[in-house]
Amino acid sequence: MPRLIASRLAISLLTLLIVSMLVFVATELLPGDVAQAVLGQSATPDAVAALRSVMHLDQPGWWRYLTWLGGLLDGDLGRSLVNHIPVAQLIGSRLPNSLLLAAVTAAVCVPVALTLGIIAAIRRGSLYDRVAGVLMVSAVSVPEFLVATLAVLLFAVNLHWLPAISYGGSIHSPLQFFRVFALPVLTLSFVIIAQMARMTRAALISVLDSSYIEMALLKGARPVRVVLYHALPNALGPIVNAVALSLSFLLGGVIIVETIFNYPGLAKLMVDAVATRDMPLVQACAMVFCTAYLLLVTFADVCAILSNPRLRDR
Amino acid sequence: MIRLSPGERGTIEQMLRRGATRRDVVAWLGSAGIGLAATGTIATHATRALADTPKRGGQIRVAGYSSSTADTLDPAKQTLSTDYVRCNMFYNGLTTLDGNLTPQPALAESFDSDKATVWTFKLRKGVQFHDGKEMTSADVVYSLNRHKDPKVGSIAKTLAAQMQEIKATGPNEIQITLAGPNADLPVVLGTFHFKIIKDGVTDFATAVGTGAYKCKEFSPGVHSIGVRNENYWKPGKPYLDQIEFFGIADEAARVNALLAGDIQFAGGISPHVTRQVKQAPGFEVFETKSGAYTDLIVRLDTPPVGNSDFVMAMKYLMDRAQMRTAIYQGYAVIANDQPVDPTNRFYDASLPQRPFDLDKAKFHFGKSGIGSTAIDVIVSPAATGSPDMGVLMQDAARKIGLNLNVKRVPADGYWANYWLKSAMCFGNINPRPSADILMTLFFKSDAPWNESRWKDPKFDQLLDAARAEGDVARRKQMYSDMQRMITNDAGIGIPLFISLLDAHISGLKGLQPIPTGGMMGYDFAENVWLA
């Protein structure tokens, strides 16, 4: 077990290194550079040249990459090329927002999705299962920006119940907390609940089909007991996997929700950084997302192993 | 009826509010050379002035169109209109530009020059920075000099380079010696980047200026909060207690936030959402007629398009009236292939308007000898409106036998890869504070941004002469000649001047257009109040 986790971590570090190279090369390939982006319509050739040399953009790409990597190994993420604020500070101001949104959404979605999925699996083929199935497929297929826009038009513009933008800075009471998070969480829940519930259902059904469940039923165990004590523990691995993947989506894939609700999260920070070709910031955001993803996947694997006695003792 | 400039209107309204009698106003009008014919105008203003008496107090939330980590409080580094809004809240310049871009005194009480080369600015006394320190000439000299320092990386470095020497000639007086005469120096110093900061400041985590609001909070890419500066040097101003400013990049989200009551003022909306705003009760659209334009660029040095007849054919192919209604819902002013717009004091209204004329287009196209060869024109959402303009021109071109091939490319990277490089493409030019800056940047023979590579030594001479000319009437004549040269000879087709649009709640009062930008030249903060 410890050896497995150690080898997992080593592979993760290698993955991070490769991702950082790919991101760097991709940013280099984009047309224009940070000097032009910063100067906008003031980007006369000599102004651009001056700014480039101040930002060391006149140095070769590999030199800039190695400098950045060296800084990273020293624990220094560098400074944003655009506003000279330390990258660590920029990320530090946004990461808590992203984590909070992810946490609230997870807290809402996980119980709802698991309940829906489990009931659908138990009542497989029933009217409930079929209706829920259709609804879930529809929810997954409706793009988030549509859900978000419709929700804003209805709840904010027409009914004036909820704010159209969600800025977390002004939360002083539970009611305000609810008002700020209601619409973004609602939007995200649509897709996540549907996805998680469908995966839970599928995982559980494949276990329910196995012969030892039939055996348990034949022994006269009550259906609830069969599901909760016999089937669910064996379906836990795939379910945790589904939950972890959905949560990693919450950290990085929420750009549309962050944009529409003007929520100051990490995904928007990264998009800003790409738009201004701010290499240190793009790299740092990519590292954060990649690390979070790897952590969640590793966590899911470990859970899968722990829930399976055959793997546990190796 | 006589047209009053916004500055004059402001003075009259202020007089009326202070309780001036009709006789006072007429006396002032006489001294200002306006005369009695304006009485009707005054009467209207009197009524509006009473209905529109500014009220103190209240706070608003305002959203601009962008928000990013590039947000800055350093006047030298401002790039986006959101930066201009912030810096206008916290700082002042030596001068400020009015409704037709004439410089008016601000932190400088008065200014004067010797042959437009040696300029003396007398500073206003008793102006305090937010930390209580009094503003002196040392602050002004520092603020202006830093633009010339390459290490600062100032956006206005090129503009500042003409100031050869900037020195204090007393505690409240500075002298600027220019490399060559420039009658527009007070205009230049009224632009966004030349705000006055405290001597020696290099850290811009917060703003210590002389502006109407003090910086309470600044968090790049998130928001800024300004609170009323009780010691502001303009008596009675500002009116609001607090302004919270942030960016909502998505336009639909910005408009929804306004309609939902989360914000009171939304900067930068596009013409197609104006109807939605106007239909909602309690909301208004604020239009600023400006010098912004999207232009067709034909490279004169690149065959086969670099042909004066072909260029002329393209200019006649533009159905400006249709572009105005179809693309801009009427929020644009028809332009005449030259860059000085009607709000500018040097605009020449006597220049005959070039019509949409297929016969003339066909005649010139025939003379160009291009025939049925397909000609590419690059369009992109980066040059706003250009995809639609391209399609409209393609339709018209078909009627004269010109095979125009509209190639649409993405906005990202457009300026680096296509603009100034393609034989025929579109540009998009922001409003500039003076005719001189505009023409020097985009039409002078050796300008790096001479979009069509049009070269005319006579134009360059005239440009230098107009810059040095102190007499406004003579200058106007020179700019008028230059407008004529551009419209007839340059490879640039300017169909329209695009209005800048903002949306606000009807209760937000005091907005007057200033053509340097939307939101009152981004200087709404000290001028608005809540009714």
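Visitor: Which strands form a hairpin, and what is noted about Gly221(B) in the turn?
Guide: β8(B) and β9(B) make the hairpin, with 3 residues between them, and Gly221(B) in that turn has a positive phi of about 80°. Bear in mind that this is a predicted model.

Visitor: What makes β8(B) and β9(B) a pair?
Guide: Pairing takes at least two bridges. β8(B), residues 213-219, is joined to β9(B) by 6 bridges, so the two count as paired. They run antiparallel, and Phe218(B) stands opposite Ser224(B).

Visitor: Which strand does β9(B) also share bridges with, and how many join them?
Guide: That's β10(B), residues 242-247, with 5 bridges, again antiparallel. One partner pair there is Ile225(B) with Glu244(B).

Visitor: Is β9(B) mostly covered or mostly open, and how do you know?
Guide: Mostly covered: 5 of its 6 residues are buried.

Visitor: Which helix lies across β1, β8, β9 and β10 of chain B?
Guide: α4(B), residues 81-90, lies across those four strands. Against β10(B), α4(B) runs at about 160°.

Visitor: Why is one side of β8 and of β12 in chain B left without a neighbour in the sheet?
Guide: Start with the order, β8-β9-β10-β1-β11-β20-β12 (chain B), an open sheet of 7 strands with mixed pairing. β8 and β12 (283-288) stand at its edges, each with a single partner strand, so one side of each has no neighbour in the sheet. At the β12(B) end, 6 bridges join β12(B) to β20(B), residues 500-505, antiparallel. Thr288(B) has Leu500(B) as its bridge partner there.

Visitor: What makes Gln329(B) partly exposed?
Guide: Gln329(B) has 16 other C-beta atoms within 10 Å.

Visitor: How do you know that the reach of α16(B) is close to what is expected?
Guide: α16(B) has 12 residues, 457-468, and reaches 17 Å from its first C-alpha to its last, against 16 Å expected at 1.5 Å a residue.

Visitor: Which residues of α16(B) are buried, and why are they said to be on the same side?
Guide: Phe459(B), Leu463(B), Ala466(B) and Arg467(B) are buried. They cover an arc of only 100° around the axis, which puts them on the same side of α16(B). Residues three or four places apart in an α-helix point the same way, because there are 3.6 residues a turn. On the other side, Pro457(B), Lys458(B) and Gln461(B) are exposed. The cover over the buried residues includes α15 and α17 of chain B.

Visitor: How many helices and strands does chain A have?
Guide: Chain A has 14 helices and 0 strands. Of its 314 residues, 36% count as buried.

Visitor: How many residues of chain A are in contact with chain B, and what classes are on that side?
Guide: 38 residues of chain A are in contact with 32 of chain B. The largest share of the chain A side, 5 residues, comes from α3(A). By class, that side has 23 nonpolar, 14 polar and 1 charged residues.

Methods. Residues are numbered from 1 along each chain as its sequence is written. Chains are lettered from A and ligands numbered from 1 in the order in which they are written. This is a predicted model: local features need pLDDT of at least 70, side-chain atom pairs count only at pLDDT 80 or more; totals for chains, interfaces and linings use all residues. The expected span of a helix is 1.5 Å times one less than its number of residues. A residue is buried if 20 or more other C-beta atoms lie within 10 Å of its own, exposed if 12 or fewer, and partly exposed in between; C-beta atoms are placed from the backbone. The arc is that of the directions from the helix axis to the C-beta atoms. Two residues are in contact if their C-beta atoms, placed from the backbone, lie within 7 Å. Ala, Val, Leu, Ile, Met, Phe, Trp, Tyr, Cys and Pro count as nonpolar, Asp, Glu, Lys and Arg as charged, and the others, Gly among them, as polar. Axes are lines fitted to C-alpha atoms, for helices over the stretch in contact, and angles run from 0 to 180 degrees between N-to-C directions.
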